[in-house]
Amino acid sequence: MRKILLATASLIAAPLPSLADAAPPPLEAYGELPSVEDIAISPSGNLATIAWIAGMRRIVTFDPTGRPTINAPTGDAKIRGLNWADDDILLITNSATVGLGPYFAASKYELSGTLILSVSNPKPELVFAGTSSIANTTRGSYGIRRINGKTVGYFGGIGMGRSMGNSYFKHGRALLYAVDLPTNRARQVASAPAENHYRDWLVDTRGQVAATLDIADFNGSWQIENANNEVIASGISATGDVSLLWFGYDGSTVIYATEDEDGSSHWFEVPLAGGQAREILADVAVSRTYVDPASSRMLGYRERGDEPKAVMADPKVNSTLAKIFAAFPGRRISLKDWTPDFSKILVRTEGNRDSGTWFKVDLATRKALPIGDERPAIGPDDVGPISRVSYTAADGLEMDGILTLPPGREAKNLPVIMLPHGGPSAQDDIGFDWWAQAFASRGYAVFQPNFRGSTNRDDAFRHAGDGQWGRKMQTDITDGLAELVRQGIVDPRRACIVGASYGGYAALAGVTLQHGFYRCAVSVAGVSDVDLMYQTDLTESGRSRMTGRALRAQLGDSKSYEEISPRRFADNADAPVQLIHGKDDTVVPFKQSAVMADALKDAGKPYEMVVLDGEDHWLSRSETRKEMLSAAMRFVQEHNPAN
């Protein structure tokens, strides 16, 4: 055991011999959860990781010398992330799929919790576990603060009541609580919003609620108040597109985001004391921001693009990050965590010849030490080449997609998998995608189109997808296929379409609303009936008017939803369909695949249904994720052989 822990303390996985000239890595190497899922660093340099050790998933912490201090098994818990509250306390975010009974709008909910794990007393306890008047679920984290020498966490919570010996939710609207983390004692610091209102908060370094955003569901009117209950910003957003983000660089201002009626997003900064709001970063394409976790103050931002560029308020930090980015050319790099003085920084890389690697950058020694290999069974030569392909849609709109090629094969007349992303407000970038790489390892070119509606370009491109489900968003995918054919990279007679969530919808639409393009379709947790999705989302939101307006803005006129629903056109399916769905999916209910299966069966069309017991929308469990990948690969190879 000591040898295992010492090896894990360095977390350096020796690269395996290249398999490019022999057999590819086993399929499970792609489908299983990463060997290292997350790493966090404390203010003084302690490390914490979620990692697989000797076949068991564990949370392990280390002091700055590399000595293990906690070694705890996780079981099959769905851990979403971890971060240090201070040098002793580690916070672990997890979630679970639960049924709340017949009086709730949905049969199942995915509820999040926050575990407190102390190095000095490693007995985990859920936030709010010791308070019967608050449910054991956290509804958002609002920062960690050091107040009077104590570490205090701020979390949203749901109030509980009791009647005839039974506990019940008073309502679903969150209150804000301050939790003394060493003792797990909570006190309320802000009230819940009124009925049919939504609320968000910013907590300053003194532990005071410095800004409160309140949104009215019935008309979208909103306002931001300061600690003196003075309105410092207000407006109307029919679809609720307004967000309270963080404090400005010096903590005296608040930054919030809104969206115009034409779909243009804007960031504004307004003094907490009151005054004129001014727009910031109007001409900058921001891909992410960097925020101080101890104060919720903005530290800087990163500009969008394949070449990383950070712009930080502190010139020294700016120079440091520029050097770090330059040290990893050709890889997709992200900053994952850092000490308060930025003397130690955790960096994750991926991309060509890199299946996911973690580094600890120590500025004192000017060294980047590899501390985590996410997929040690997939060596550099096993990673299929990844590149960006630009193309033009039929109506002239410029777009792009990510092409992954089989390792060691000529990019000519290859069988192809079209792999549209979910969302649809999401994007694919040049990086290691385990699903795309799995298909590439078996001889397929894989193309991930950033169709209109994706978030990789400006607001106009994102909103160009409004009302285009099953229409131009769908033809954008086949326009990408046409470009690959034009370049001679793929064989148009050997194409399948595969996707999850919205990508699953696109896969179903590709063989029902479109014809003559694909030899098979695989839909994982995909939408098959758009009207059913609309009604389900509306019901589960409590018939929220803002939710209804937002859905109609994205999907178009509700009277046309049958026209874009693959379920309604099952009898037109021109290729075999595989449906894969988790029974615990709370985002796209299992019913979406069940009704599609019934429609295909009634139409006499070839289909296959794979049920993932105990799995959610995100394929969070290793065994069922591997089950999905194995089933999808078998189906594709049967109907579209690579050789």
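Which side chain does aspartate 400 meet in a salt bridge? The partner is arginine 457, at 3.1 Å, N to O. By salt bridge I mean a side-chain nitrogen of Lys or Arg within 4 Å of a carboxyl oxygen of Asp or Glu.

Before I go on, some ground rules. This is a predicted model, where local features need pLDDT of at least 70, side-chain atom pairs count only at pLDDT 80 or more, and totals for chains, interfaces and linings use all residues. Residues are numbered from 1 along each chain as its sequence is written, and side-chain values use heavy atoms, with hydrogens and water left out.

Back to our pair. Aspartate 400 sits in strand β31 (residues 398-404), and arginine 457 in the loop between β33 (445-450) and α5 (459-463). Aspartate 400 is buried, at 5% relative accessibility. Arginine 457 is partly exposed, at 26%. Buried means under 20% relative accessible area, exposed means over 50%, and partly exposed is in between, using a 1.4 Å probe and protein chains only.

The pair is also part of a network. Arg332, Arg348, Glu350, Glu374, Arg388, Asp400, Asp429 and Arg457 are linked by salt bridges.

How many salt bridges does the structure hold? The count is 33. Here are two more. Aspartate 584 meets lysine 108 at 2.6 Å, N to O. Aspartate 584 is in the loop between β36 and α10 (591-603), lysine 108 in the loop between β6 (89-98) and β7 (109-118), and 476 residues separate them. Aspartate 584 counts as buried, at 16% relative accessibility. Lysine 108 is partly exposed, at 31%.

Next, aspartate 381 and arginine 353. Their closest N and O atoms are 2.6 Å apart. Aspartate 381 lies in the loop between β29 (367-373) and β30 (386-392), arginine 353 in the loop between β27 (344-351) and β28 (354-362), so this bridge ties together parts 28 residues apart in sequence. Aspartate 381 is partly exposed, at 35%. Arginine 353 is exposed, at 52%.

Now histidine 581. Is this residue buried or exposed? Histidine 581 is buried, with a relative accessible area of 0%. Its place is in strand β36 (residues 577-582). The side chain of histidine 581 makes a polar contact with the side chain of serine 593, at 2.7 Å. A polar contact is a pair of N or O atoms within 3.5 Å; within protein, one must be able to donate a hydrogen and the other to accept it, and residues adjacent in sequence count only if both atoms are side-chain atoms.

On to the backbone. Glycine 423 and proline 424 are joined by a cis peptide bond, with omega about 5°. Proline 424 is in the loop between β32 (414-418) and α4 (434-441). Asparagine 196 is not a glycine, yet has a positive phi of about 65°. Asparagine 196 is in the loop between β14 (185-190) and β15 (197-203). Arginine 543 also has a positive phi, near 60°. Arginine 543 lies in the loop between α8 (530-540) and α9.

Last, glutamine 554, in helix α9 (residues 545-555).

Conventions: Helices (H or I, at least four residues) and strands (E, at least two) are DSSP runs, numbered from the N terminus.
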